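Try each task before you read its solution.

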Number of protein chains: 2
Amino acid sequence: MSEFQYSESDLDAVYRVIYERRDMRHFVPSPVDQNVLRKLLNAAHKAPSVGLMQPWRFIRITDEALRKILYLCVQEEAKKTADALGERKQEFLRLKIEGILHCGELIVVALPPGRDKHIFGRRTLPEMDLASAACAIQNMWLAARAEGLGMGWVSIFDPAELSKLLSMPPGSHPIAILCLGHVKEFYSEPMLVTENWAEEKSLDEMLHENSWE
Amino acid sequence: MSEFQYSESDLDAVYRVIYERRDMRHFVPSPVDQNVLRKLLNAAHKAPSVGLMQPWRFIRITDEALRKILYLCVQEEAKKTADALGERKQEFLRLKIEGILHCGELIVVALPPGRDKHIFGRRTLPEMDLASAACAIQNMWLAARAEGLGMGWVSIFDPAELSKLLSMPPGSHPIAILCLGHVKEFYSEPMLVTENWAEEKSLDEMLHENSWE
């Protein structure tokens, strides 16, 4: 045991939030407390980042007309995704994939321009900027769950279209439309399991020692 | 306030771990309890993933000769990174960028082959597989901190070389060498800030409303 280990109750709280976090698509439209929103964004901003580049920008959507346009963008891409899925098209179309119109807060996350000048940890793996931004979103997701708020990460959109809509500078790249807000209940398991879209694999299927083979 | 909000002490524990997690490079070589390692890998495995594809594999390095080879790979790429950094070359070479030889556990994380068949949430943003794997690593990082263990994410390596060394199948892609283990102390701030490599930007520089401009 490490001398730096948290108390049993604090340790339990950390595992609890990791296990209870869900990708939510169902929201109730009550407003999100602005102090809580600030705490969540600060949690995101405390994420690790490759070479400390902090490659994340958050665009809060408060314009209701713009929210509807983002919703339509996602609907449009969802149709293309459905077509690309072939035999699972109808099954996909029955799934609820986002909660854009009902969530209390809508936040777009983007990678900023000018990332090429960051070479530390990215010479051979330039995609580490996205990895850092994903860590930020995971921090926010966990903090939101502890605050009793649901969050969903929507990646069904055309990034070029979203960039244009939100006047993003050339070289930036949107990676998420985050739906955040109050919920009636949290899913007890991933919604895609409940809806029989996919089965969860076990950890043991993911483990190797010294060699993949 | 949400009816699903955690107790004040549980909420504090979640924020505490988010704030106290550090990217560690200094370790003491005591072994990591195998039950704790399993808990950390389970925490990683509970991460969200796009379309529930769970695109992560963990290769535990227990062969000491292999550990040394991975160390040399990182050293080799560090030299190339230093050269690419130009005027900051000497400054970079003075930084400690990894703790591979001293950490109790060394784990390589890779994206599995066959990811192309997963279209859900990836038709326009195929890189969402990496985002999911990064969320898994962030879960593991946070759980490790709560257990009193340090972790560092090393991305200074040639992925093709690492794939070959670990007999990864074609189409897989290594994204991290994770150093995990006991530490003498946790950094009080990111090491790259202490070492004057970079300054942390404020959250306010990252926020926009409705439009980037």
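Two residues are in contact here if their C-beta atoms, placed from the backbone, lie within 7 Å. Helices (H or I, at least four residues) and strands (E, at least two) are DSSP runs, numbered from the N terminus. This is a predicted model: local features need pLDDT of at least 70, side-chain atom pairs count only at pLDDT 80 or more, and totals for chains, interfaces and linings use all residues. Residues are numbered from 1 along each chain as its sequence is written, while chains are lettered from A and ligands numbered from 1 in the order in which they are written.

**Exercise 1. Find which residues of helix 5 of chain A meet helix 5 of chain B, and work out how the two helices cross.**

Step 1: Go to helix 5 of chain A, residues 128–146. Its A:Leu130, A:Ala131, A:Ala134, A:Cys135, A:Gln138 and A:Asn139 meet B:Leu130, B:Ala131, B:Ala134, B:Cys135, B:Gln138 and B:Asn139 in helix 5 of chain B.

Step 2: Sort that contact by class: eight nonpolar, four polar and no charged residues. (Ala, Val, Leu, Ile, Met, Phe, Trp, Tyr, Cys and Pro count as nonpolar, Asp, Glu, Lys and Arg as charged, and the others, Gly among them, as polar.)

Step 3: Check the axes, which come within 8 Å and cross at roughly 55 degrees. (Axes are lines fitted to C-alpha atoms, for helices over the stretch in contact, and angles run from 0 to 180 degrees between N-to-C directions.) That makes helix 5 of chain A oblique to helix 5 of chain B. (Under 35 degrees counts as roughly parallel, over 145 as roughly antiparallel, 65 to 115 as roughly perpendicular and the rest as oblique.)

**Exercise 2. Zoom out to the side of chain B that touches chain A, and find which helix gives the largest share.**

Step 1: Count both sides: 88 residues of chain B contact 88 residues of chain A.

Step 2: Helix 5 of chain B gives the largest share of the chain B side, 10 residues.

Step 3: By class, that side of chain B has 51 nonpolar, 20 polar and 17 charged residues.

**Exercise 3. Trace the five-stranded sheet and say which strands stand at its edges.**

Step 1: The open sheet runs 3(A)-4(A)-2(A)-1(A)-5(B), with mixed pairing. (Two strands pair if DSSP finds at least two bridges between them.)

Step 2: Strand 3 (150–154) of chain A and strand 5 (207–209) of chain B are at the edges, each with a single partner strand, so one side of each has no neighbour in the sheet.

Step 3: Strand 3 of chain A pairs antiparallel with strand 4 (residues 173–181) of chain A over five bridges; A:Gly152 has A:Cys179 as its bridge partner.

Step 4: Strand 1 (residues 57–61) of chain A runs parallel to strand 5 of chain B, joined by three bridges. Here, A:Phe58 stands opposite B:Leu207.
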